[in-house]
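Please look through the sequence and the structure shown below before reading on. The report then takes up a few of its features in turn.

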Amino acid sequence: MNSEHVFLKKSLMTLVMTLVISSPLMAFENNLALKVAIVKDATGSQDIVKGNFNSSIKKLTRRHKDENSYNSNMSLCVAYLQADNAKQSELACTAAINDVEAMDLYNDKALYLKSLSYSNRGISRYKNNDISGALTDLSAAVLIDANTVTVGNLNIVKKRLYKSQTLASTSAQFAE
């Protein structure tokens with residue numbers, strides 16, 4: 001086991017102890033109750049909780065090299081999402097997923113983190129109108145760890161998709 005892998009494992013264990021669902025934040029979209037996860041006490045997380053998304057993004061994009069990249073990428077994922085920049089959010093979420101997967105750990109806490117990362121990216125994809133990608137990520141999140149956040153987000157997106165398909169079908173019937 002090389003020193004980088006050991007560092008990643010230690011970082012994950014520290015990270016696991018500080019991860020919280022921050023009351024959970026809501027993705028702002030017409031009362032949509034999608035929940036996103038951030039890392040408590042990571043750079044910028046307090047700004048995100050207070051709604052200062054641009055301040056958080058500035059802090060995170062000039063972060064120090066010694067900071068855990070998973071923490072920063074997960075926070076950037078949420079900050080960009082809440083600042084209505086879903087494309088940048090998706091990129092940051094993907095980086096967070098890559099960070100957690102590079103840790104190559106399979107305990108319950110590591111799986112929980114991975115599931116939240118996929119869930120956050122699923123929300124970014126949903127806001128990018130990539131419904132297929134959103135459903136893929138949210139389904140993966142539930143398969144990794146079926147916690148209340150991941151299951152809830154998947155159910156919300158499925159319901160929204162069903163309603164939009166039903167509305168489109170009904171509209172088409174009336175048009176004929």
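In which loop is the place of Asn 129? Asn 129 lies in the loop between α6 and α7 (131–144), where helices (H or I, at least four residues) and strands (E, at least two) are DSSP runs, numbered from the N terminus.

This is a predicted model, in which local features need pLDDT of at least 70 and side-chain atom pairs count only at pLDDT 80 or more, while totals for chains, interfaces and linings use all residues. Residues are numbered from 1 along each chain as its sequence is written, and side-chain values use heavy atoms, with hydrogens and water left out.

**Two loop residues**

Most residues other than glycine have a negative phi. Asn 129, however, has a positive phi although it is not a glycine, and Asp 104, in the loop between α5 (86–102) and α6 (108–127), also has a positive value as a residue other than glycine.

| Residue | Phi | Relative accessibility |
|---|---|---|
| Asp 104 | near 50° | 40%, partly exposed |
| Asn 129 | about 60° | 67%, exposed |

**Helices α6 and α7**

The axes of α6 and α7, which are lines fitted to C-alpha atoms over the stretch in contact, come within 8 Å and cross at roughly 165°, with angles running from 0 to 180 degrees between N-to-C directions. The helix α6 is therefore roughly antiparallel to α7, a term for angles over 145 degrees. Contact means heavy atoms within 4.5 Å, and among the residues that make it are Leu 111, Tyr 118 and Arg 125 of α6 and Ile 131, Asp 137 and Ile 144 of α7.

**A residue of α5**

Glu 90 is found in helix α5, and it counts as buried because its relative accessibility is 19%. If its neighbours within four places in sequence are left aside, Glu 90 is in contact with Arg 121, Ser 124, Arg 125 and Asn 128.

**Confidence**

The pLDDT is the predictor's confidence in each residue, from 0 to 100; its mean over the chain is 79, and 73% of the residues reach 70 or more. Among the elements of the chain, α7 has the highest mean pLDDT (96), whereas strand β1 (residues 19–26) has the lowest (41). Over residues 3–31 the pLDDT is below 50, although this stretch has 66 contacts in the model beyond near neighbours in sequence. Where pLDDT is low, the predicted coordinates should not be read in detail.

Technical notes. Buried < 20%, exposed > 50% of the residue type's maximum accessible area, 1.4 Å probe, protein only. Parallel < 35°, antiparallel > 145°, perpendicular 65-115°, else oblique.
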